[in-house]
Amino acid sequence: MIKSMTGYGRGEFINQDYRVVVELKTVNHKYSDFAFRMSKSLGFAEDKIKGEIRKTVHRGKVEVLLSYEYLGEKQVNVQVNTALAAEYMAKLMELSKACGMDQIPGIDLIAKQPDVIVVIPMEENRDSLIEAILASTSEATKHLDEMRVVEGRALASDILGHLGSLKSIVYNMKPLADEVPRMYKNKLEERIAYLIDSDTIGFKDRIAGEVAIFADKANVDEEITRLNSHINQVERIISSDDESVGKRLDFLAQEMNREANTIGSKASDLSITNLVLEAKSEIEKIREQVQNIE
C-alpha cells in the first residue's frame, strides 16, 4: 500500500494539567527531515515527538506545530526574555517608521511575541506534559496517515494508467525491431546494386556479413525484455502491502528511462524512435508521480 509524502493531520489532548494541540504537515523530501515550530522550552520533547511520528512516517519533510495551555494549579516557572523583548520592540518601531507611522508598540503587543514570556513546567509537571504531547502527536499522526493513504491510492491509480500505456508502446516496439535488419538488408542491396554488378563474386556474402553485423548492433531484445521486467516490478510493488517503497520505484523509473534511451540509440528506425519518444513521455510522468511516494 503506497502512501503519498504529502498530508496534514491535527491532534488534541487534554489532561488534568495541559491542553496540547499538535499539527503535522508533510511534503516531499528525499530523506526524513523535521522542522519544529514550538516554544523553545519544549526542546526536551523533540526526540520523543520524532519517535512517535517515525512509527508511521518513514520519509518526507515533517513540519511540527505544537501549542499548549497550562490548566493545572501546580506551580510553574514563568520566565521573561527581556533581551528578545527589546529586539522585538526595536524591529516593530523600525517597521512603524518604514510605514510612515509614529506609533510606539504597547507592552501587550510585545508580550504576545513568541518566546518573550515562557511558561516552563516544573519537573513534577513534565511527565504530565509529555503525556499530553505524545497523545496529541499520536492522534495527529493517525489523521496525517489517513490523508497520505488516500493520496497514495490516487497516485497508484495514475501510475498504473501510465504503466498500461507504456506496456502497449513496448509491445508495439518488438515487431518493428524484428523488421529492422530485413529493411536494412533491402536498402543495402539496393544501394550496392546501383553501384556495382550484383553478379560480382562475393556480393551476396558481403551483404550477409554486413547485415549480420548491423543486426547484432541494432538488436534491442534484451532492452525490451528488461523494460518489460521493470514495468512488471513497478506493478507488483504498487499492488503490494509494502510501505515506504518510493526509493525503489524511483530507481526502477530511472532504469526504465535508461532502457528506453538505449533502444532509441540502437534501433535505427523512425517508427521505433517515435515509439521511444512516447515511452519516455510516459516514463517521465511515472517519475513525476513516484517523487510524491513515501
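**Helix packing and pockets**

The largest pocket has a volume of about 260 Å³.

Colleague: Are helix 6 and helix 7 roughly parallel or antiparallel?

Modeller: This is a predicted model. In it, helix 6 (residues 221-239) and helix 7 (residues 246-266) pack at an angle of about 160 degrees, with their axes 9 Å apart. Angles over 145 degrees count as roughly antiparallel, so helix 6 is, relative to helix 7, roughly antiparallel.

Colleague: How many nonpolar residues does the contact of helix 6 with helix 7 have?

Modeller: Helix 6 contributes residues including L227, I231 and V234, and these belong to a contact in which helix 7 supplies, among others, L249, L252 and M256. By class, three residues of this contact are polar and six are charged, while the number of nonpolar residues is 10.

Colleague: Which strand gives the most to the lining of the largest pocket?

Modeller: The lining comprises 16 residues, and S39, Y68, I117, V118 and V119 lie nearest the centre of the pocket. Strand 4 (60-70) and strand 6 (117-121) each supply at least two lining residues. With five residues, the strand that gives the most is strand 4.

Colleague: Which helix provides the largest share of the lining of the second largest pocket?

Modeller: The second largest pocket has a volume of about 220 Å³. Its lining includes G246, K247, D250, F251 and Q254, together with others such as M5 and R59. By class, this lining has three nonpolar, five polar and four charged residues. The largest share, five residues, comes from helix 7.

Terms used:
Residues numbered from 1 in each chain as written. Predicted model: local features only at pLDDT ≥ 70, side-chain atom pairs only at ≥ 80, totals over all residues. Heavy atoms only, no water. Axes fitted to C-alpha atoms, helices over the stretch in contact; angles between N-to-C directions. Helix = DSSP H or I, 4+ residues; strand = E, 2+ residues; numbered from the N terminus. Parallel < 35°, antiparallel > 145°, perpendicular 65-115°, else oblique. Contact = heavy atoms within 4.5 Å. Nonpolar A, V, L, I, M, F, W, Y, C, P; charged D, E, K, R; others polar. 1 Å grid on protein atoms, 1.4 Å probe; cavity = no way out; pocket = protein on both sides within 12 Å on 5 of 7 lines; lining within 4 Å. Points joined across faces, edges and corners; volume = space filled by probe spheres on them.
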